Amino acid sequence: MCQNCKNNKNKPYYITTAIAYASGKPHIGNTYEIILADAIARFKRAEGYDVRFQTGTDEHGQKIEGKAREAGVTPKEYVDRAAAEIQRIWDLMNTSYDRFIRTTDEDHEKQVQKIFKKLYEQGDIYKSEYEGMYCTPCESFWTPSQLIDGKCPDCGRPVQPAKEEAYFFRMSKYADRLIQHIETHPEFIQPVSRKNEMMNNFLKPGLQDLCVSRTSFKWGIPVDFDPRHVVYVWLDALTNYTTGLGYDTDGNHGALYQKYWPADLHLIGKDIIRFHTIYWPIFLMALGEPLPKQIFGHPWLLQAGGKMSKSKGNVLYADDLAAFFGVDPVRYFCLHEMPFENDGIISWDLMVERYNSDLANILGNLVSRTIAMTNKYFGGVVTRPELSQSAEDAALDEELRSTVLTAVGKIQEKMAVHRVADAISELWNIFKRCNKYIDETMPWSLAKDETKRERLNMVLYNLTEAITIGASLLQSFMPETSEKILKELNTEKRELDEMGSFGLYPSGSRVAEQAEILFARLDPKEVEKKLEAEAKAAEQAAAEAAAAERITEAEEKLQIPAKPLVSYEDFEKCEFRVLEVLKCEPVPKSKKLLCFQLKCGSETIQILSGIKKWYPEPEKLVGKRVMAIVNLKPTKLAGMLSQGMLLSAADGAEEKLCLMTTMDEAMPSGAEIC
């Protein structure tokens with residue numbers, strides 16, 4: 001183990017994630033990938049590697065152009081906001097990336113244009129015409145035979161027929177070469193099930209040439225020698241892994257590219273593995289560049305009930321979960337609950353269960369008990385005594401030591417093949433064994449016998465040492481929690497190449513006077529109540545926002561002033577009064593008019609108003625106090641006399657209308673409006 005760390009010292013290691021599509025806020029399933037990549041990157045650094053970790057956003061395409069249009073902003077303004085939100089969540093989850101690349105970055109766009117031109121000039125790209133079924137959300141063309149039940153085979157959404165001039169990449173030219181590479185490099189696509197899927201479903205049946213430009217929208221990187229075209233999403237997005245390192249088609253590669261390429265690991269979701277294991281390697285072959293060493297297609301993190309979908313309204317977001325549980329518990333759950341190949345499940349119930357059982361009970365309680373006992377029995381000082389022990393005591397200590405050191409090796413083995421969930425299970429075996437060690441040695445009982453004080457000292461030292469190693473290993477998965485535990489134990493993070501030995505905790509060190517509660521137990525019923533309250537508040541806020549938006553839209557339709565300006569003297573000629581509705585009924589043979597009998601002081605007047613459409617039950621207006629102009633010249637409408645005009649408010653399209661009434665029911669009829 002120690003020798004491995006020495007061999008890895010300063011050895012370059014390049015890890016990337018898929019770049020998130022900047023069409024909206026990423027849900028917890030999207031966020032899982034960046035957490036997983038971060039855990040791998042952190043562990044590789046602990047093993048001595050010189051790690052380069054890149055992530056970012058994919059910001060071009062028809063879908064984004066459409067969303068920007070709907071939002072009333074430019075596509076660049078839209079993606080600036082979306083990218084900032086994605087980066088905020090990545091930062092919130094404490095991910096240690098080295099570059100957050102955006103496909104709107106100038107250095108990336110420049111190289112994409114050069115790559116396109118180079119591939120065109122060497123004959124790998126040609127111009128033709130595309131006709132097929134197009135899925136806008138996936139930005140993919142499909143032949144009728146590829147559709148499933150007439151819908152997109154990737155997302156299941158409807159497709160539309162499309163035909164346009166486009167540039168195409170000759171995929172079939174490199175297919176045999178890629179098949180040979182995959183067959184001679186079994187580690188290239190992992191897990192093996194993903195490799196079999198790509199070989200059997202796509203490569204061996206034969207590849208169709210790939211559309212790599214579009215003319216039906218403008219939000220993309222222009223093809224510099226044919227500006228009617230923009231570079232299509234996959235040739236644009238996939239190249240970020242090299243452009244982010246300073247790749248240059250001229251061969252004048254930056255220092256980062258020379259140091260870190262080829263990538264050691266492309267970590268991507270299983271739904272886009274085809275693009276990364278077929279299109280991307282073929283692009284690299286055409287450019288004459290080395291292929292990445294491994295592409296790992298991780299499974300999905302599903303919410304109970306199926307794949308998360310914003311349209312289903314069942315989306316969980318990392319920042320909401322982190323606000324409730326904390327960042328590290330969310331990281332723990334995402335990493336621990338994801339099997340190597342099969343999809344994982346997330347829900348509020350499962351989060352609470354894991355939080356209480358694994359974090360509060362096993363880990364938090366262990367640290368709290370150990371520090372409390374050290375303070376109670378030895379004033380917080382941890383010392384390692386030199387004493388002869390009974391065979392029984394020595395066996396217990398050896399079993400603890402063996403469990404810890406064995407777990408260290410197993411964790412390295414699991415992390416080497418990206419079995420992160422299994423690695424965390426091995427780590428938790430350390431904490432579980434420590435809790436069992438406490439039950440076996442019963443420190444509270446040893447403390448009652450002065451002759452066993454040295455044995456008690458050894459028990460607490462062993463616990464502190466084991467927790468130190470466990471907390472140091474925890475840094476890759478739960479960095480904030482790791483730091484808190486080590487601080488409470490008053491020690492530094494143990495380096496991985498030092499974990500071949502048990503007993504390096506400095507004797508005589510003093511732990512914290514009081515242990516911080518790392519994870520307070522949660523009451524599932526209280527959690528449910530809080531979530532229900534938050535859901536209701538969110539619904540109310542959404543309803544209020546929607547209402548405000550409708551009002552704003554109505555106000556925007558109005559043109560103020562819509563009529564010529566009048567003088568104050570003209571306005572002063574109008575007499576406005578509050579009138580009480582005594583009777584209201586439809587006017588015979590009229591589709592629009594209602595006839596009002598209105599009390600104005602001691603008099604009764606009649607006004608006809610064309611508001612029948614908005615008041616289909618006019619009798620309900622009786623008793624209302626309405627506002628009217630009462631000094632208009634009387635006029636006849638539908639053969640009936642009208643002695644004034646009621647005041648109403650209407651939106652610009654006259655879709656809504658309401659009578660102006662007074663809120664003060666005590667206001668007498670006939671009162672002047674001034």
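Me: Which charged residue has its end over the ring of Phe 340?
Reply: Quick heads-up: this is a predicted model, where local features need pLDDT of at least 70, side-chain atom pairs count only at pLDDT 80 or more, and totals for chains, interfaces and linings use all residues. Residues are numbered from 1 along each chain as its sequence is written, and side-chain values use heavy atoms, with hydrogens and water left out. A charge sits over a ring if NZ of Lys or CZ of Arg is within 6 Å of the ring centre and within 35 degrees of the ring normal. Here the charged end is 3.9 Å from the centre of the Phe 340 ring, and the residue is Arg 419.

Me: How many aromatic pairs does a search of the whole structure find?
Reply: Rings of Phe, Tyr and Trp (its six-membered ring) pair if their centres lie within 6.5 Å. Searching the whole structure with that rule, the number of aromatic pairs is 28.

Me: Are the rings of Phe 116 and Tyr 167 stacked, tilted or edge-to-face?
Reply: Planes under 30 degrees apart count as stacked, over 60 as edge-to-face and the rest as tilted. The centres of Phe 116 and Tyr 167 are 5.6 Å apart and the planes are at 85°, so this pair is edge-to-face.

Me: Is Phe 340 buried or exposed?
Reply: Buried means under 20% relative accessible area, exposed over 50%, and partly exposed in between (1.4 Å probe, protein chains only). Phe 340 has a relative accessible area of 16%, so Phe 340 is buried.

Me: Which residue lies over the face of Trp 300?
Reply: This one is a Lys, 4.6 Å from the ring centre of Trp 300. Its name is Lys 270.
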